[in-house]
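Reader: I have just opened this one and would like to go through it slowly with you. Could you take me through some of the packing and pairing?

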Amino acid sequence: MQNDEESVTILLAEDDDGHAKLVQERLEGVGVANPVMRFKDGQETWDFLSGTGIANGKAYLLLLDIRMPGLDGVEVLRRVKTDARLKTMPVIMLTTTDDPREISLCYELGCNNYLTKPVEFEKFAEVVKRLGLFLMILRVDKFK
Amino acid sequence: MTRSFGVLLLTLAAALAVCFFVRAHYLRDATENIAASLQTINAYKAEEIVSWVGQQERESARLSRHPFLGELIAQELARPGSRRAQLKTWLSDHTTQKGYFAMAFLSTRGDVIVATPDYVPGTERTFKKAFGQAVKAGKPLLTDLYLDARNRPRIAMFSPISANGKGGPALCVLGIVIDPHTDFYPLVRAAPLLFAKAETLLVRKEGASVLFLNELDHREGAALKFSLPLSTPLLPAAEALKGRTGYFEGFDYRGKEVFSAVRPIPRTPWGLVTKIERREVLAPVNAQIYLRLALILLAALILYVAFYAVLLARERAARERIENAEAALHMSEQIFREFMEHSPIYVFFKDEKIRPLHLSRNYEKMIGRPLEELLGRSMDEIFPSDLSRKIVADDLKVLKEGKEVTLEEEFNGRFYTTIKFPITLKGKPTYLAGYTIDITERKLAEEALRKSEEKYRAIFEESFDGLFLTSPDGKILDMNKKGISMFGYVAKEEVLKLELKRDVYVDPQDRDRILSMVNAKGAAEYEVEVKKKSGEHMLTHCALTAVKDGAGRLMFYRGIIRDITDAKRAEQERTAHIRFLEDMDKINRSILSATDLEKMMGNILNTVLKIFDCDRVWLFYPCDPDAPSFRVPMEVTKPEYPGAKVLNVDLPMPPDMAKDLREALDSDGPRTYTAGTASPINKETAEHFGVKSQMVTALYPKRGKPWAFGLHQCSHARVWTREEIRLLQEIGRRLTDALTSLVSIRDLRESEQRLREAQRLAKIGNWEWDAAADTLKWSAEYYRIYGLDPSQRPPGYSEHLKAYTRESAALLDTAVKRNMETGEPYQLDLELAAKDAPSRWITARSETIRDRSGKITGLRGTAQDITERKLAELRIETLNREMADKNQEMENFLYITTHDLRSPLVNIQGFSQSLAGYLAEFQKMLGDVRVFAPKNDARVRELALAKVPEALDFILVSSRKMDVLITALLKVSRAGRIEMKPENVEMGELLRKVLDAMRFQLQEAGAAVKTGALPPCKADPGAVSQLFTNLLDNAVKYRDESRKLEVQVTGELRGGRVVYRISDNGSGIPEKDLDRIWNVFYRHERSGRKNGEGIGLPMVRRLVEKNGGGIRAESREGQGTVFYVELPTAEEV
């Protein structure tokens, strides 16, 4: 929020353009000015994460849609959480369902939060905002 | 004197010469006399032996022609044992009477029929040979002497006995065994008095030997055992056997020199020798000769004296006369002495001092001392002191009284009679003279007679039969104890007073009849009824013999009597019993001869008709007096008296017959009814069936009701005997067995028929497999199921497997092998190998067959056609699978759909919200500035402030509503996808937690919840919790505001399930909607009320069904609703 050096980059994995736009709008709406990088699907996300995209000395927050064609969110989460370099990255799952089984599965895999997509985007923005504060307090680890 | 001495010498010389002449002459005479005597004796004995043999042969012939014996034997042979007692009596009488050793009736094969106790079956060669000859020739025969099995000499006599006593084939042979010691040897031995020392020998040629047949004086037990070679020189016995007849001097069996007479005995193989030892016979002769020599010398001296006296006569004339007289006296004495020497009588003279003056020579033998030692001695020197004292006393008495006395004395075991008398000579002391006769033989004979008499008495008294003597005028002369007690008397005196005709015979004429028979034939046997002392009648068997004196005059009657009352009764009973057995045998044969049971029953009834010679034999069913009707399943009748005629047709039961049946059932054995007796024929039977006598018995086969079995006599009023009743009872028993079999077989046939029917209906066939023999047995239905030809025999096991498809055959084979090894039966569904037709299925079940030791010998079981069931099952399985697939598809569809529906909805909602935000921003800016042309300004403001917000609002509301719907659908679909984990649920506790969680909601609604007993169930606890929450939530949501909400939750066990009842007093559900409440999104329309999502009840239903339960509702609008939730009960832990 202060400067780019300091701010956390939000990685948004969302296949639906509308949803991606809405998430970005809501983030902006609640004053989250962090840079956002959007990926169209799971594979693209994972290519970025596993490739050279992650810059050292930067902090990232991953927002993962569960239902995506190809690699789905759950699979990306599993890869992130089993990757030594990536496993400390905070992950918030975005989903259209509140299926308790999916929720518990994601928590088991190590997601930090779980948000149901539709409904009130105000509530969503609130969560992200709190998350942002939370991130600041905890000082999200920067990649080295 | 010299002259006189010369005369003396001369006289002596003459005397000596005379002496030697006399001796030679005398010896010759003596030898001639002995020879003559021996020959006479010999001839006499031979005659006697011949006569004895003849006598035995005649006797034997007589017995052979004995008429009554033939009769008796014929009866005995016809019925062994029937005449045994009589024959035995006859034998023992005859044996005793004739002095035989033993007698026996022998079969022509030599077996003993009846014998006296002493009889030992002859095994000796002689015996057997002679027996064989007698049987063959049919003529009586006397054997030679032989030694029996115990080495005793015997003679046997065989008389073949023919049936009528007139010859003809022999029924049997009467064998008589004679002990030669008693009957024959005495004949040989007894010798005339003079030749007491002589011995008679009977001999027989035995090969090259002479066999001595009788007992010898000088050799113990020689008879038939002692023999000498025929070549023994100068052996008289050998001479006799060589055919010599006459006098023979030789050496006897001891080698002693003997005189003998020999001869063969005509018509026998025997030789007879009568011999006397030379030394012995001549000893007295020599003694006499010497005595005589002495006498002659004495006579010579006397002559000399006489001569001398003549010389002196001139001187003493008178004295000469006296001397002559004395010489005469001497002569007389001489003669007397001569007589005495030869006399068998002992003669004695004693002087007044009782000293023997003269004794006959035989005293030497009697006393055992030479005469010289006896003469002049006192009695006590000669005889034992007792005897001598008696003799002296007797003698003195004789002398004193001068009378003749006769005495009996015993000395050295022999008996003597002595006659003593005094002889008084003038001027001399009185002599005592006398003679003694040896009476030992007579005495012994008398003793023997006495003993025999005693023996006879003993036999007479101790006999088991009554023995008696009666006089011709009808009195009892004597009767033994047995006879007396038989008649019930005690003392013999009582019996002797009886008049036979008056007191003994039941029919006095019997006596005349019997006597005429006995008088004519000499003896008779008969049965006669007599009276006892008590007046009681007694049937007796008697044998009466007329006893005649030597002149043939009737003296008295001798008889044997036996009480045969009991024997007769026993015989009658035996005859009855034999008849009974014969009749039962006929029944048994009629049973055995039948090939099937109906025929057998017919045979039995026919046989019964014959045995009883009655008019009808019938079976009657049932033997039940209370039965409304009866039938006659079987009857056999004589043609002139047909019976019921209609067989096996129900006829109404007349009361009369019912009475008979009741009596038959109450009775242990057959009941009899006879017209005109105390137990008459009932009216119905008498009139309708013309029965005059009836016998009925109830039969109790082991199955079904009792039967009645009976006989009818229509020809006459027959009184059934005890035996007949017993026979019918026994036949009834056999018939009962037959009936049991008949009924059982009929039942079995029906049962088999039913089994076949059942198998046909159930399409079950049964089979049995004997593993060792590899034979299969199949029922008719089995053939049908397998589509096989019932006329074909089942093949072996391996062949039969071809009936199945390969998979099924392998399955079955494995199961069969395991069953044979372990005894574990199988149940398999098997597919039959079908050629063209659609496949068929059977269920095969097995059962193990074991032998007694428990070893598995085979299998049996059933095969049921389950093709239809199998096909139905397959269809259901397919349908179920399809359905499950569909369900899964539906679930997935629902899940995916709801998810995918949500995605665009998020955009709609999200962007609508964004749009609302942008619009609010736009409206705010619109109030601040005027940027539009005036003519557009109003329209812009209208659009921005009214139209767009209105449209946006519709979009937002609708999208929110859609979100709610999709969320609900998601829930429902998720409920379908949740996996249930059933466990035992304590409902009381669970409900408490549910109520706790809902407390606020319930309190707000003012609801009162009552819970009753809640049995545990088995279900997923989360699901149960949710469904109860939903139901209670519904109760709260749809409560009637006008009254306080009351909810009751109770439960009960019903069958294997728990049924929970949740009732409320809410607004209720309209009847038309009751079916729709389970549909998703059904909501009861109510104004002004908060409505639910519309998925509560469908969720509940899904949850209940997922847990294997069910749910239904009852409701009345305005009154309340009751939900019944049914779940499986908790399992016992």
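Reader: Is the crossing of α29(B) and α31(B) left-handed or right-handed?

Author: The crossing of α29(B) and α31(B) is right-handed, a term used if the near helix is turned clockwise from the far one by less than a right angle, with anticlockwise giving left-handed. This is a predicted model, in which local features need pLDDT of at least 70, side-chain atom pairs count only at pLDDT 80 or more, and totals for chains, interfaces and linings use all residues. Residues are numbered from 1 along each chain as its sequence is written, while chains are lettered from A and ligands numbered from 1 in the order in which they are written.

Reader: And at what angle do α29(B) and α31(B) pack?

Author: Helix α29 (residues 987–997) and helix α31 (residues 1021–1037), both of chain B, pack at about 50°, and their axes are 10 Å apart. Helices here are DSSP runs of H or I with at least four residues, strands are runs of E with at least two, and both are numbered from the N terminus. Axes are lines fitted to C-alpha atoms, for helices over the stretch in contact, and angles run from 0 to 180 degrees between N-to-C directions.

Reader: Switching to chain A, what is the strand order in the open sheet?

Author: The five strands run β2-β1-β3-β4-β5 in chain A, with parallel pairing, where a pair needs at least two DSSP bridges.

Reader: Which strands stand at the edges?

Author: β2 (36–39) and β5 (113–116) of chain A do, each having a single partner strand, so one side of each lacks a neighbour in the sheet.

Reader: Which residue in β2(A) is the bridge partner of Leu11(A)?

Author: That partner is Met37(A), and β1 (residues 8–13) of chain A pairs with β2(A) in the parallel sense over four bridges.
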